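Please look over the sequence and the structure shown below, and then read the briefing that follows, which is grouped by topic.

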Amino acid sequence: MNEFEYLNALIDKEFYYEGDPIICQLHAILDKDKSNHNCIACNIAFNIDLLKEHINTIKLNENTGYLYSSTILMLYLIVEKLFALFKSLEESGIKPSGYKSSFSTMRLIWAWANFFKHPKAFMYVHEPIFIPISSHEVASERNTSDPILLENKIIDDEFILKYYTGKEKNEELYIQLLNKHEPIVLLPDIIELFKLFKVEFLLFLDDAKTNTKIIDHLHDKATLIGLWKDEDE
């Protein structure tokens, strides 16, 4: 079983319950009445289903760049929806300023997605090499004698977080990448990334299921009252 076959099984096992995305557990809580409908769970479930379908479709593909970039972008679509909620919770005062940034794995996914969406100076590199950090070539914390990994520019998590989370370092980024030959894009461990994302996702889900301030806020923001009333009568 390759990484993406394993990821497919992992998503099925840990992001679904009785056939539905686990975020659907919020429905009864945020609806507050079976005649109402809150859209938060549905909107996030849509992207969880997309991620599942995507991984199931590509799991046997052998194009490394496609596998990793497309999957990170699918995860990013979930992160962006969660970040919209986090921003709302910050602005309402329910969560402190910087709450969104406390989700470090989501922030890393967001930064990698920015790299794929907005390459900036990466447009001016020559023949980049995409290597998963989990592969045998870079095992043991890059402790390797391979000269290409020792001599070439490395674009990894640290680099991405430094240069792809804002505009402040764009000038320095151009100095780092302009006309570089065969830079190494050290892709994150996709299984570890998903597992850490799951931890943060569940942290928010558990909070949203038990924190009355969050429940009331999301209910007030995103509930159609009495939508199913006629069906109940």
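Glu-172 and Lys-162 come together through their side chains in a salt bridge, with N and O 3.4 Å apart. This pair links distant parts of the chain, since Glu-172 belongs to helix H9 (residues 170-177) and Lys-162 to helix H8 (residues 157-163), 10 residues apart. The model is a predicted one, and a search of the whole structure finds 5 salt bridges in it.

Salt bridges

- Glu-172 has a relative accessible area of 30% and is therefore partly exposed, and Lys-162, with 40%, is also partly exposed.
- Asp-216 forms a salt bridge with Lys-32, in which the closest N and O atoms are 2.5 Å apart.
- Because Asp-216 lies in helix H11 (residues 212-221) and Lys-32 in the loop between helix H2 (26-31) and strand S3 (37-38), the pair ties together parts that are 184 residues apart in sequence.
- Asp-207 and Lys-95 also meet in a salt bridge, at 2.7 Å from N to O.
- Asp-207 counts as buried because its relative accessible area is 18%, and Lys-95 counts as buried at 16%.

Aromatic rings

- The structure holds 18 aromatic pairs.
- The rings of Phe-83 and Phe-86 have centres 6.0 Å apart and planes at 50°, so this pair is tilted.
- Phe-83 and Phe-86 are both buried, and they are separated by about one helical turn because they stand 3 residues apart in helix H4 (residues 64-91).

Surface charge

- A patch of negative charge on the surface gathers Glu-18, Asp-20, Asp-49 and Glu-53.
- Glu-18, found in the loop between strand S1 (16-17) and strand S2 (20-21), counts as exposed because its relative accessibility is 68%.

Definitions and conventions. Residues are numbered from 1 along each chain as its sequence is written. This is a predicted model: local features need pLDDT of at least 70, side-chain atom pairs count only at pLDDT 80 or more; totals for chains, interfaces and linings use all residues. Side-chain values use heavy atoms; hydrogens and water are left out. Patches are made of residues with over 30% relative accessible area and no salt bridge: like charges are joined within 9 Å, nonpolar side chains (Val, Leu, Ile, Met, Phe, Trp, Tyr) within 5 Å. Accessible areas come from the Shrake-Rupley method with a 1.4 Å probe; for residues, only the protein chains shown count as cover. A salt bridge is a side-chain nitrogen of Lys or Arg within 4 Å of a carboxyl oxygen of Asp or Glu. Lys and Arg count as positive and Asp and Glu as negative; His and the chain ends are not counted. The place of a charge is taken as NZ of Lys, CZ of Arg, CG of Asp or CD of Glu. Helices (H or I, at least four residues) and strands (E, at least two) are DSSP runs, numbered from the N terminus. Buried means under 20% relative accessible area, exposed over 50%, partly exposed in between (1.4 Å probe, protein chains only). Rings of Phe, Tyr and Trp (its six-membered ring) pair if their centres lie within 6.5 Å; planes under 30 degrees apart count as stacked, over 60 as edge-to-face and the rest as tilted.
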